[in-house]
Amino acid sequence: MAPYSQNQRRLMIASNRFPLSVKPKDGSYEAVPSSGGLVTALKGLTFSDYLWLGWPGVDINERDRKSVDKALAKENAAAVYLDQGLAQSHYNGFSNGVLWPTLYYQSEVSFDNEMWDAHQRVNKIFADRISEEAADGDIIWVHDYHLLLLPRRLRERLHEQNKRCPIGYFLHTHFPSR
């Protein structure tokens, strides 16, 4: 992908889930707006060229992905596909079972190596997917603790591809003290 000039930089937003829901419709798929805090907060954002990357929230088989990609493209979005088991281990297992309680100072958190591996794999999959899409100069904005490892992994991928992209990270919880 060719680099953008300074005034054409694209915003790439990465979040675990989209501000959209992917639903089957008439043998194909459609992407419809969903609700949520991040969606509401970013509605007023006026960026002419942006791409939102995230997991569609459901397991999409290989043959349906082209239809899902087409529906998402109409909404300036692109899928990061995960199989259901990996997505659940990452999201419900590590992200919400370990990270979220830790960020809120809850004790009784049970660390599980399988869930930790899933979290690492999902962040790697996101880094690979985003670096494929990114052009030199794109602005990448990573959201929340589900993608806590993404900025570093993404920086490594972009460096390997000789792409320079500023990466911002927004944690939607308070940052814990040491």
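Reader: Of the 178 residues of the protein chain, what percentage count as buried?

Author: The share is 43%, where buried means under 20% relative accessible area, exposed means over 50%, and partly exposed is in between, with a 1.4 Å probe and protein chains only. Before we go on, this is a predicted model, in which local features need pLDDT of at least 70 and side-chain atom pairs count only at pLDDT 80 or more, while totals for chains, interfaces and linings use all residues. Residues are numbered from 1 along each chain as its sequence is written, and side-chain values use heavy atoms, with hydrogens and water left out.

Reader: Okay. How many helices and strands are there in the protein chain?

Author: Helices (H or I, at least four residues) and strands (E, at least two) are DSSP runs, numbered from the N terminus. Here you get five helices and seven strands. Starting at the N terminus, the order is β-β-β-α-β-α-β-α-α-β-α-β.

Reader: In what order do the five strands of the open sheet come?

Author: First the general idea: strands of a sheet pair through backbone hydrogen bonds, either parallel or antiparallel. We say that two strands pair if DSSP finds at least two bridges between them. In this open sheet the order is 5-4-1-6-7, and the pairing is parallel. Strand 5 (77-79) and strand 7 are the edge strands, each pairing on one side only. For a close look, go to strand 6 and strand 7, which pair in the parallel sense over four bridges. There you can find W141 opposite G168 in strand 7.

Reader: Which residues have the most contacts inside the largest nonpolar core?

Author: In soluble globular proteins, nonpolar side chains tend to be buried together. A nonpolar core is a set of buried Ala, Val, Leu, Ile, Met, Phe, Trp, Tyr and Cys residues joined through side-chain atoms within 4.5 Å. The largest one here has 23 residues, and F126, I130, I140 and L150 have the most contacts inside it. At least two residues of this core come from each of strand 1 (11-17), strand 4 (50-55), helix 3 (84-103), helix 4 (113-133), strand 6 (139-143) and helix 5 (150-160). Helix 4 gives the most, with five residues. Apart from this core lies another, of 15 residues, F18, V22, A71 and L72 among them.

Reader: What does I130 touch?

Author: Contact means heavy atoms within 4.5 Å. Not counting residues up to four places away in sequence, I130 touches M12, A14, L53, I140, L150 and L154.

Reader: Which residues of helix 5 are buried?

Author: They are L150, P151, L154, R157 and L158. Seen down the axis of helix 5, these buried residues fall within an arc of 125°, so they line one face of the helix; the arc is that of the directions from the helix axis to the C-beta atoms. They pack against strand 1, helix 4, strand 6 and strand 7 (167-170). On the other side of helix 5, look for R152, H159 and E160, which are exposed. After the helix comes N162, with a positive phi near 55°.

Reader: Why does W100 count as partly exposed?

Author: W100 has a relative accessibility of 32%, so it counts as partly exposed. You'll find W100 in helix 3. Leaving aside neighbours within four places in sequence, W100 is in contact with S95, Q106, Y145 and T173. W100 and T173 are 73 residues apart along the chain, yet their C-alpha atoms are separated by 8.4 Å.
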